[in-house]
Amino acid sequence: MDITSSIGLAGYALSFLLFSLLALTCFISAKNVNSQTRLKALLVTCSIWAASITSAYLFNYASLLIIHTTELLRSVTWVVFLFALAAPENTLPPQLFSAITQSKKNITLIIATLTLLSLGPLFIPETTLASYPQLLELPVILRIIMSVVSLLLIEQIYRNSDRVRRWAVKHLCLGAGLIHAYDFYLFADAALFKQLDNNLWDARGAINAIAIPLIALSIARMPSWTLKLQISRRLVFHTATLSGAGIYLITMAAAGYFIKFYGGNWGSVIQTVFIIGAALLLFTLLFSDKIRSNIRVQLNKHFFSYKYDYRDEWLKFTALLSDNTNDTPERICIAFATITKSPGCILWSRDTQGVYERVADFHMPESTNFQANESLTHFLETSQWVIDLDEYKSTPQRYPNLVIPDNILSVPQAWLLLPLVFNEVLCGVILIKRSSFITVINWEDRDLLKIAGKQAAILLSQHQASKALIEAQQFEAFNRLSAYIVHDLKNILAQQSLIVTNAEKHKHNPVFVDDVIKTVKNSVQRMTKLMDQMRNGMRGKHPKRLELNLLCEQTCQRFLQSQPTPQLLLTDPIYIFADMEQLSNVIGHLVQNAIDATSKAGEVVIKISQSQTEALIEIIDSGSGMDAQFIKTRLFKPFDSTKGLTGMGIGAYESREVIRALGGDIDVSSQIGLGSHFTVRLPLIME
């Protein structure tokens with residue numbers, strides 16, 4: 001047997017071995033469904049085909065009948081398999097596809113016809129073949145046709161697969177495409193030159209062997225073909241270790257050879273020292289617990305099925321966090337107790353001052369506090385590692401520079417300490433009680449807890465932000481109420497100051513005394529209302545039906561002594577829905593601002609009117625006016641005043657907020673030196 005034949009024998013023998021192993025794996029681990037039945041039939045047929053050609057090489061005897069038969073079976077099973085795989089996304093007309101796939105008689109007839117065409121020349125007498133040599137070309141032409149059909153089906157499978165399915169079948173398409181493209185080339189060459197090229201035939205087995213790993217990868221990726229063959233992890237670990245050691249030693253031996261070859265007189269000495277040193281380094285690495293542990297983790301991650309179905313675990317964990325039966329911290333505790341099968345846990349949350357307070361617990365002692373130290377918080381924040389407290393107690397060297405407070409270590413049945421880190425900040429810590437079902441945690445448990453911790457940290461941070469927002473809103477509401485009340489007190493103080501200023505001059509005037517009594521009475525009433533607002537936290541919560549003309553008349557009574565005196569232009573009765581005191585204060589504030597901005601020789605007009613849907617209160621003055629930029633950026637801005645120390649800058653802002661709360665708004669137009677025009681719009685009560 002020459003070298004070429006030896007290569008051919010090795011290639012077909014390797015193909016037989018790989019096809020057989022793949023078929024055996026499918027029979028052991030796969031389910032008995034139609035798609036897998038066709039796959040098993042294909043692998044068995046390919047194994048028989050490779051075995052028949054291998055035997056021909058071994059025994060120097062080639063039975064043309066056996067080889068032709070196995071070649072035909074292999075081609076037919078490939079076409080049937082590929083056609084079935086393309087069926088879900090088939091682009092053929094429905095009538096043609098139905099006729100081909102549903103008619104068993106037609107399929108049987110086609111197979112029988114192909115068999116006769118392929119095997120017929122073997123049974124025809126040599127004299128007849130000599131007269132009709134074209135009959136010998138029929139099997140070759142038939143194989144060319146089968147190769148072309150297979151390539152077309154492979155192209156359809158890949159083209160019509162969606163993104164997910166394409167990820168699974170692309171290696172099958174590559175492997176099968178390689179096999180049939182090579183067959184097409186082989187038999188097209190034979191048809192062209194009237195004989196098979198021995199070199200191409202010998203290489204065919206190796207080509208098939210190259211394609212088998214690609215097919216196996218697609219089989220592993222297809223959901224309906226999932227292989228569940230279990231291999232001992234210890235066996236894989238030791239095999240990987242021995243293989244790595246062997247590769248290492250071979251590499252070192254080759255390096256030693258070159259050292260000896262190029263080292264001259266010192267070559268043998270250097271070679272000996274190098275090999276001994278390399279062997280010592282190898283054994284040092286093999287006896288390293290850390291390296292062996294890392295190898296085990298990598299093998300477990302990449303060669304074996306995961307301990308958890310992470311999709312199911314994630315859905316269950318998310319469902320527990322989304323359950324609104326309990327508050328957010330309690331939901332987090334229950335979720336972690338569930339996934340770890342633990343009877344209890346504690347959650348500490350970080351507040352705005354960086355102190356970790358106990359916010360929830362689940363079947364744990366209530367007296368446990370988290371006395372955070374810099375060592376523990378820094379370790380949890382930077383490493384995000386799940387701390388096994390039993391491991392920490394027994395082998396503290398695995399946690400260098402970590403100091404866990406005694407009050408945590410002394411918690412009965414304390415097991416795991418889990419950080420909740422969001423945006424690189426430790427926002428919470430969970431202490432999990434020892435589980436009766438899980439005694440030791442491995443890398444998969446830690447990975448599951450770490451990713452669950454990230455999800456819980458997001459939820460806890462959102463909960464903390466919501467609490468902070470609620471507190472800020474409460475303070476904002478209180479501060480706003482206080483500002484409004486201080487503004488009202490300023491107005492009352494102005495009334496009292498006016499009394500004190502005029503007391504010396506008019507204290508013997510009975511009319512003045514009567515006005516003082518009325519003013520003080522009004523001040524007392526307003527102060528009483530302010531006290532009620534402070535006590536109840538409410539302001540203007542009693543709206544009712546009001547007649548606008550009457551309200552404006554009562555409001556303008558305050559300004560009868562002012563210069564200029566406002567002119568009130570009334571219309572037919574107009575009814576609105578508002579709080580009387582609030583609306584009166586708004587109108588009074590706008591009128592007072594108009595008077596302050598207008599000289600004594602000017603005028604202030606209050607005009608009442610209505611549109612189809614709104615009541616209009618227009619306050620027009622001929623005062624100093626405002627520019628457009630001031631109206632846009634400063635007029636309604638709180639705490640921005642043009643009155644110096646006497647103003648608070650919230651009157652205009654409060655007035656607009658009151659009107660908007662009633663469903664209306666305030667429009668402003670003004671020009672410097674020509675005055676201002678305020679229009680208060682309020683919804684009408686339709687009679």
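1. The structure, which is a predicted model, holds eight aromatic pairs. One of them joins Tyr12 and Trp201 in a tilted arrangement, with 6.2 Å centre to centre and 40 degrees between the planes. This pair links distant parts of the chain, since Tyr12 belongs to helix H1 and Trp201 to helix H9 (residues 198-221), 189 residues apart. Tyr12 counts as buried because its relative accessibility is 0%; Trp201, at 16%, also counts as buried.

2. A further aromatic pair, Trp78 with Phe81, is edge-to-face: the centres are 6.2 Å apart and the planes make 75 degrees. Both residues lie in helix H3 (residues 64-86), three residues apart, or about one turn of the helix. Trp78 is buried at 1% relative accessibility, and Phe81 is buried at 3%.

3. Ring pairs connect Tyr12, Trp49, Tyr57 and Trp201 into a cluster. The charged end of Arg74 sits over the ring of Trp49, 4.2 Å from its centre. Elsewhere, Arg545 lies over the face of Tyr575, 4.0 Å from the ring centre.

4. Helix H14 (residues 328-339) has 12 residues, which should span 16 Å; the end C-alpha atoms are 17 Å apart, in agreement. Nine of these 12 residues are buried, so H14 is largely enclosed by the rest of the structure. Among the buried residues are Arg331, Cys333 and Phe336. Just after H14, Lys341 adopts a positive phi of about 55 degrees.

5. Leu14, Leu17 and Leu21 make a nonpolar surface patch of about 270 Å². Leu21 is placed in helix H1 (residues 3-29) and counts as partly exposed, at 46% relative accessibility.

Technical notes. Residues are numbered from 1 along each chain as its sequence is written. This is a predicted model: local features need pLDDT of at least 70, side-chain atom pairs count only at pLDDT 80 or more; totals for chains, interfaces and linings use all residues. Side-chain values use heavy atoms; hydrogens and water are left out. Patches are made of residues with over 30% relative accessible area and no salt bridge: like charges are joined within 9 Å, nonpolar side chains (Val, Leu, Ile, Met, Phe, Trp, Tyr) within 5 Å. Accessible areas come from the Shrake-Rupley method with a 1.4 Å probe; for residues, only the protein chains shown count as cover. A salt bridge is a side-chain nitrogen of Lys or Arg within 4 Å of a carboxyl oxygen of Asp or Glu. Helices (H or I, at least four residues) and strands (E, at least two) are DSSP runs, numbered from the N terminus. Buried means under 20% relative accessible area, exposed over 50%, partly exposed in between (1.4 Å probe, protein chains only). The expected span of a helix is 1.5 Å times one less than its number of residues. Rings of Phe, Tyr and Trp (its six-membered ring) pair if their centres lie within 6.5 Å; planes under 30 degrees apart count as stacked, over 60 as edge-to-face and the rest as tilted. A charge sits over a ring if NZ of Lys or CZ of Arg is within 6 Å of the ring centre and within 35 degrees of the ring normal.
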